[in-house]
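Entries follow in the order I made them.

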Amino acid sequence: MLVVFLVVSFAELIFILGVFNIIPCSRFLATVLPGVLVDMTNITRQEANLNLLNQNSLLEQAAKLKAEDMALKGYFSHTSPEGIAPWYWFDKVGYKFAYAGENLAVNFLDSSILHQAWLNSPSHKANIINSNFSEIGISTSQGIYKGKQAIFVVQLFGTQNTAIQGSRPAEPIMLSKTPKKINTNVLGETAVNDIQIIEEEESFIAVKRIGDEQATDTINPVSLKRYSSWYSRLFASPNFTISYFLSAIFIIVAASLILKIFVKIKIQFPALILNGVIILLIIVGALYFNHWLIRFIGKIV
């Protein structure tokens, strides 16, 4: 029982240290994996009978620049403290878009829970299932947020426009003021320079260049293309990984306890039975705590 308790405690300690970024993040312990998130997004779109998104290297570069900017400056918002708008990063890498969108997240450890958090938000889900998008790029960066180590996640959507000739200047696109807040469920639209901002309530959903009607033809794949390996999908959800591990230990201890109680009914060791019950309660408590913790610390915009 002591050995089992130490194993459970060690596994739980590693998980908690990974959640709070106290130990270095790795692909095994605490990284939201972009490829896995792309696959989850496409699975959601497939279920909604929408075209699947192709991974685009320019969008990945733009997402990386945005994530690194947030990590370096310690902010978490679609618009930077200097007023740089989200679509600036598209232009900076030369992605000529007709439609563009952005989802952000911070402090998430688990890819599956992050994706579900986006789906639980109407405005974030609107990006994920937006039929105007044909490409996607996701990147992460580590930095300081509110005085603590954090993982910033940027998910960018886009559709290229071949009608735009030449490279657009990569000068920062500033917002003179924050886009108006809408307190109803009705979509609102505002225009800044040549960008049409489509927003719902207080969340940035997507933008469209005014006057750009000719987008590239979108490809609707017949089958789902995987952008992640089986290994990364296996460990993309540390919460599920440790849940399976603790559940396996729970089954072993519970089976041993049942055998101990019923095989030799006349010979009982109350202390051993009590210890087994305590271990089972600890495992159940750890499972519920992990589920609550990983949802509590994450934030999306």
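Predicted model: local features only at pLDDT ≥ 70, side-chain atom pairs only at ≥ 80, totals over all residues.

I then checked the length. H2 has 14 residues and spans 20 Å from its first C-alpha to its last. That is close to the 20 Å expected at 1.5 Å a residue. I also looked just past the end of H2, where Asn49 has a positive phi of about 60 degrees.

**Entry: Thr41**

Is Thr41 buried or exposed? Thr41 is buried, and its relative accessible area is 1%. The cut-off for buried is under 20%.

I listed what Thr41 touches, setting aside neighbours within four places in sequence. The partners are Leu53, His115, Ile128, Ile136, Gln155 and Phe157. One of them, His115, is a buried residue of H5.

**Entry: H2 against H5**

I looked up the packing of H2 (residues 34-47) on H5 (residues 111-120) next. The angle is about 40 degrees, and the axes lie 10 Å apart. That angle makes H2 oblique to H5. I noted the hand of the crossing as right-handed.

Which residues make the contact? From H2 come Val36, Leu37, Met40, Thr41 and Thr44. From H5 come Ser111, Ser112, Leu114, His115, Trp118 and Leu119. I sorted them by class: six are nonpolar, five are polar and none is charged.

I went on to the burial of H5. Eight of its ten residues are buried, so H5 is largely enclosed by the rest of the structure. My list for H5 reads Ser111, Ser112, Ile113, Leu114, His115, Ala117, Trp118 and Leu119.

**Entry: H3**

I turned to H3 (residues 57-73). H3 has 17 residues and reaches 24 Å from first C-alpha to last, close to the 24 Å expected at 1.5 Å a residue.

The buried residues of H3 are Leu59, Ala62, Ala63, Lys66, Ala67, Asp69, Met70 and Ala71. I kept a rule in mind while reading the numbering: an α-helix has 3.6 residues a turn, so residues three or four places apart point the same way.

I looked up Asn239, which belongs to H8 (residues 238-262). Asn239 counts as buried, at 3% relative accessibility. Asn239 and Leu293 are 54 residues apart along the chain, and 9.8 Å separates their C-alpha atoms.

I then took Ile273, in H9 (residues 270-296). Ile273 is buried, with a relative accessible area of 17%. From Ile273 to Ser256 I read 9.7 Å between C-alpha atoms, for 17 residues in sequence.

**Entry: the chain as a whole**

I closed with totals. The chain has nine helices and eight strands. Of its 301 residues, 48% count as buried. I also looked at contacts between residues at least 6 apart in sequence, and 74% of these join residues at least 24 apart.

Definitions and conventions. Residues numbered from 1 in each chain as written. Heavy atoms only, no water. Axes fitted to C-alpha atoms, helices over the stretch in contact; angles between N-to-C directions. Helix = DSSP H or I, 4+ residues; strand = E, 2+ residues; numbered from the N terminus. Parallel < 35°, antiparallel > 145°, perpendicular 65-115°, else oblique. Left-handed = near helix turned anticlockwise from the far one by under 90°. Contact = heavy atoms within 4.5 Å. Nonpolar A, V, L, I, M, F, W, Y, C, P; charged D, E, K, R; others polar. Expected span 1.5 Å × (residues − 1). Buried < 20%, exposed > 50% of the residue type's maximum accessible area, 1.4 Å probe, protein only.
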